[in-house]
Amino acid sequence: MTEDITVTDQNKAEQEGTEHELILAKESAEKASQAKSEFLARMSHELRTPLCAVLGFAQLLELDELSTDQTQAVQHILKAGRHLLTLVDEVLDVSRIETGAMVLALKSVEPFSVVSETLKMMQPMAETYGIRLRLEPSNIPLSVIADVQRFKQILLNLLSNAVKYNRSGGQVSVKCGQVNDNLVRLEVRDTGTGIPAEKMSRLFTPFERLGAEETGIEGNGLGLTLTKHLVEAMHGHLQVRSEEGHGTTVWVDLPKA
């Protein structure tokens, strides 16, 4: 009997020791993640200031009378600078969300009006790629709880991907509908080449472009990661369904107002 009690006490002590180690490891990981996010936020701020200055001077140069070669050089500076500025802003947004520093102004928003406005903003890009944009009609009045500016950012990211990774002469359709009494769904569907099944698990990995970096299509692999973070920050969910050769559908469920 005494031996049984001793063994039980020993097992209990070992279990408590293991649990304590797990708690310490979890706290250490959380501190490391917090430190990483704070570092990224500070670095993004520090990078943004000189980068804006570079873009400003390049825009001034653009106003001067330049030779063809000089004009092309200035355009390269502006294009690269804007791409880098987008990357810095997205890294800053991700780090803000992870540290809880991003403040959202959540209120009742009509998704159809925001979608219509965003589609107009996307029209020039769609025409460049030869893509037709379509908003599927609905007679049901809908409202969601969202931050208007971040909701637009989510839409722009999803539509940009749907246009860029589509095929020439393809289509992007947007649909809004009610899932149930609590959720409203926004769906973006494209007619692109789709995503291979073996790559789907890496879809939300930061800076992972799933081979798109070899196609010459611009991007940094952060847009979809940031979009997912923003949706979740607004108490929603984002999911993706894709089939190689048959396009991709992304849907966002947000709380109904």
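What follows is a chat about how a few labels on this predicted model were reached.

Reader: Let's start with the overall picture. What makes up the secondary structure of the protein chain?

Author: There are five helices and seven strands. Going along the sequence, they come in the pattern α-α-β-α-β-β-α-β-β-α-β-β. Of the 257 residues, 35% are buried.

Reader: Why is C176 called buried?

Author: Buried means under 20% relative accessible area. C176 has 6%, so the label is buried.

Reader: And C52, why does that one count as partly exposed?

Author: The partly exposed range lies between the buried limit, under 20%, and the exposed one, over 50%. C52 has 34% relative accessibility, so it counts as partly exposed.

Reader: How many disulfides are there?

Author: The count is zero. To be counted, a pair of cysteine sulfur atoms has to lie within 2.5 Å.

Reader: What makes K228 and E232 a salt bridge?

Author: The cut-off is a Lys or Arg side-chain nitrogen within 4 Å of a carboxyl oxygen of Asp or Glu. For K228 and E232 the N to O distance is 2.7 Å, so the pair meets that rule. They sit four residues apart in helix α5 (residues 223-233), which means that about one helical turn separates them. K228, at 24% relative accessible area, is partly exposed, and E232, at 40%, is partly exposed too.

Reader: How do you know that K175 forms a salt bridge with E187?

Author: Their closest N and O atoms are 3.9 Å apart, and the limit is within 4 Å, so the pair counts. This pair links distant parts of the chain: K175 is in strand β4 (residues 171-178) and E187 is in strand β5, twelve residues apart.

Reader: Which of these is E187, buried or exposed?

Author: Buried: E187 has a relative accessible area of 11%, and the cut-off for that word is under 20%.

Reader: What about E136, which residue does it form a salt bridge with?

Author: With R134, where the closest N and O atoms are 3.5 Å apart. E136 is buried because its relative accessible area is 15%, while R134 has 33% and counts as partly exposed.

Reader: How many salt bridges are there?

Author: Seven. Some share partners, and those join R134, E136, K175, E187 and R189 into one network.

Reader: What makes F57, L60 and L63 a patch?

Author: They form a nonpolar patch on the surface, with about 380 Å² of accessible area together. A patch residue needs over 30% relative accessible area and no salt bridge. L60 has 49% relative accessibility, so it clears that area limit, yet it counts as partly exposed. L60 is located in helix α1 (residues 2-63).

Reader: Last one, how many cavities of 30 Å³ or more are there?

Author: One. The space in the largest cavity is about 40 Å³. Its lining is made of P111, V144, F151, V184, R185, L186, V252 and L254. β5 gives the most, with three residues.

Methods. Residues are numbered from 1 along each chain as its sequence is written. This is a predicted model: local features need pLDDT of at least 70, side-chain atom pairs count only at pLDDT 80 or more; totals for chains, interfaces and linings use all residues. Side-chain values use heavy atoms; hydrogens and water are left out. Buried means under 20% relative accessible area, exposed over 50%, partly exposed in between (1.4 Å probe, protein chains only). Patches are made of residues with over 30% relative accessible area and no salt bridge: like charges are joined within 9 Å, nonpolar side chains (Val, Leu, Ile, Met, Phe, Trp, Tyr) within 5 Å. Accessible areas come from the Shrake-Rupley method with a 1.4 Å probe; for residues, only the protein chains shown count as cover. Helices (H or I, at least four residues) and strands (E, at least two) are DSSP runs, numbered from the N terminus. On a 1 Å grid over the protein atoms alone, a cavity is a set of points where a 1.4 Å probe fits but cannot get out, and a pocket is an open set with protein on both sides within 12 Å along at least five of seven lines; lining residues have an atom within 4 Å of a point. Grid points are joined across faces, edges and corners, and a volume is the space filled by probe spheres set on the points.
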